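Dear colleague,

I am writing to hand over the structure below, which I understand is new to you. My findings follow it, and I would be grateful if you would read them with the structure open.

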Amino acid sequence: MKVIRPLCVAALAFFVLASAAKAQIPRDPTPVVAKTSPEDVAMGKKLYEATCSKCHGIDGGGSDGPSLQGSPERLGDAEVGAIIRGGIPGTGMTAFGSLNVEETGQVVGYLRTLGRTADAEIAKGDIGQGKSVYETRGCAGCHIIRGEGGGAGPELTRVGAMRGPTYLRAALLAPGTILPQEAGAMERGRFTQFLFVHVVTKDGHSVDGTRVSENSFAIVIKDAAGRFHAFKKRDVQKVEKIPGKSVMPSFKDTLSASQLDDLVAYLASLKGAQ
Ligand code: HEC
Ligand code: HEC
């Protein structure tokens with residue numbers, strides 16, 4: 001016992017120091033080269049499935065993160081490697097310092113072997129038709145694209161760079177049920193602001209909306225028409241928060257299959273300013 005305890009302390013100190021030192025190592029500038037031998041690709045697949053698939057989809061076709069099918073061909077292996085090791089600041093794509101240059105090369109090698117399921121999914125629709133569906137179905141009442149529209153829902157200017165087509169389709173069919181898997185998105189407030197709230201006043205009126213702000217005494221919600229409602233908590237009968245419900249209507253029964261395909265193609269084409 002006498003010997004073991006100092007040993008444990010020493011081991012712990014070593015561990016803490018070692019991990020602190022690791023965090024301080026400047027980013028390794030060695031360019032990543034895709035490793036494409038069958039063994040490397042098999043290893044890359046394992047690493048991809050464990051580290052990336054929850055956001056980028058098991059087949060790389062995207063989910064609440066974008067599709068990576070074709071990324072190495074489009075961006076270059078070194079750039080994809082730099083994104084993996086350094087992340088994209090200010091987005092859900094964090095740095096994966098846990099992968100060394102060799103392992104990153106194996107992941108890039110595996111990405112090069114992926115099929116094109118996301119492209120096939122997008123190709124089912126017509127972007128121009130999708131844009132007119134968007135403009136005629138009231139989407140802009142709740143969403144902003146390049147500065148235009150209303151803000152009850154998240155901005156969609158870059159939604160095609162941030163999300164895969166299957167996620168976009170699910171968002172239209174079952175609003176509110178599909179929230180990002182991405183750890184941290186909720187904490188960063190991106191989606192907590194769209195929390196669905198049902199308020200019943202003392203005289204029995206009820207109002208539904210998304211939460212705009214709340215403290216111990218009051219809550220402000222915004223209804224589907226974009227009107228704000230402020231309530232003092234002591235003046236209401238009930239404030240019910242319902243995750244999984246949304247002010248966004250489901251378009252499951254109001255859009256035809258081809259209109260849905262068009263809308264998914266249009267949303268997937270929204271990649272920001274460029
Ligand atoms: C927690 C979710 C998450 C995980 C895990 C994750 N990513 Fe990402 N990744 C994203 C998001 C979100 C974006 C889009 C960022 C943006 O531009 O807004 C992205 C973007 C990228 C891009 C740029 C795509 C392009 O074509 O511009 C690459 C490459 C990428 N990720 C690779 C990976 C790899 C490889 C892994 C595993 C080592 C990984 N990501 C793990 C969420 C994630
Ligand atoms: C009454 C307001 C409202 C209308 C109308 C509406 N949305 Fe939404 N939308 C929201 C809200 C709020 C969310 C946030 C998440 C949730 O509640 O599902 C959302 C989420 C989304 C998302 C997911 C965004 C992401 O980054 O995860 C997409 C895509 C989307 N809407 C597209 C559309 C399209 C296309 C239309 C028209 C066909 C539409 N919405 C109509 C309020 C609306």
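How many nonpolar, polar and charged residues does the shell around ligand 2 have? Sorted by class, that shell has 20 nonpolar residues, five polar ones and one charged. Please bear in mind throughout that this is a predicted model.

**Ligand 2**

There are 26 residues around ligand 2, and those that come nearest are Cys139, Cys142, His143, Tyr167 and Met248. Helix H10, residues 165-173, supplies the largest share of this shell, namely four residues. Tyr167 has an N or O atom in its side chain that is 2.6 Å from an oxygen atom of ligand 2. A polar side-chain atom of Ser246 likewise lies 2.6 Å from an oxygen atom of the ligand. For Arg163, a polar side-chain atom is found 2.9 Å from an oxygen atom of ligand 2.

**Ligand 1**

Around ligand 1 there are 23 residues, of which Cys52, Cys55, His56, Arg74 and Met93 come nearest. By class, this shell is made up of 15 nonpolar, five polar and three charged residues. His56 also places a polar side-chain atom 2.7 Å from a nitrogen atom of ligand 1. Oxygen atoms of the ligand are approached by two further side chains: a polar atom of Arg158 lies at 2.8 Å, and one of Ser71 lies at 3.2 Å. The elements that contribute two or more residues to the shell are helix H3 (53-56), helix H4 (71-75), helix H5 (77-86) and helix H9 (159-162).

**The largest pocket**

Ligand 1 sits in the largest pocket, whose volume is about 1,200 Å³. The lining of this pocket consists of 44 residues, and His56, Gly65, Pro66, Leu68 and Ala161 are the ones nearest its centre. Two or more lining residues come from each of H3, H4, H5, helix H6 (101-111), helix H7 (117-123) and H9. In terms of class, the lining divides into 20 nonpolar, 13 polar and eleven charged residues. Domain 1 and domain 2 each provide at least three residues of this lining.

**A backbone feature**

One further residue deserves a look. Most residues other than glycine have a negative phi. Arg146, although not a glycine, has a positive phi of about 45°. Arg146 is located in the loop between strand S1 (144-145) and strand S2 (148-149).

With kind regards

Conventions: Residues numbered from 1 in each chain as written. Chains lettered and ligands numbered in written order. Predicted model: local features only at pLDDT ≥ 70, side-chain atom pairs only at ≥ 80, totals over all residues. Heavy atoms only, no water. Near = heavy atom within 4 Å. Polar contact = N/O pair within 3.5 Å; in protein donor to acceptor, adjacent residues only side chain to side chain. 1 Å grid on protein atoms, 1.4 Å probe; cavity = no way out; pocket = protein on both sides within 12 Å on 5 of 7 lines; lining within 4 Å. Sits in = over half its atoms within 2 Å of the grid points. Nonpolar A, V, L, I, M, F, W, Y, C, P; charged D, E, K, R; others polar. Points joined across faces, edges and corners; volume = space filled by probe spheres on them. Domains from an automatic or database assignment.
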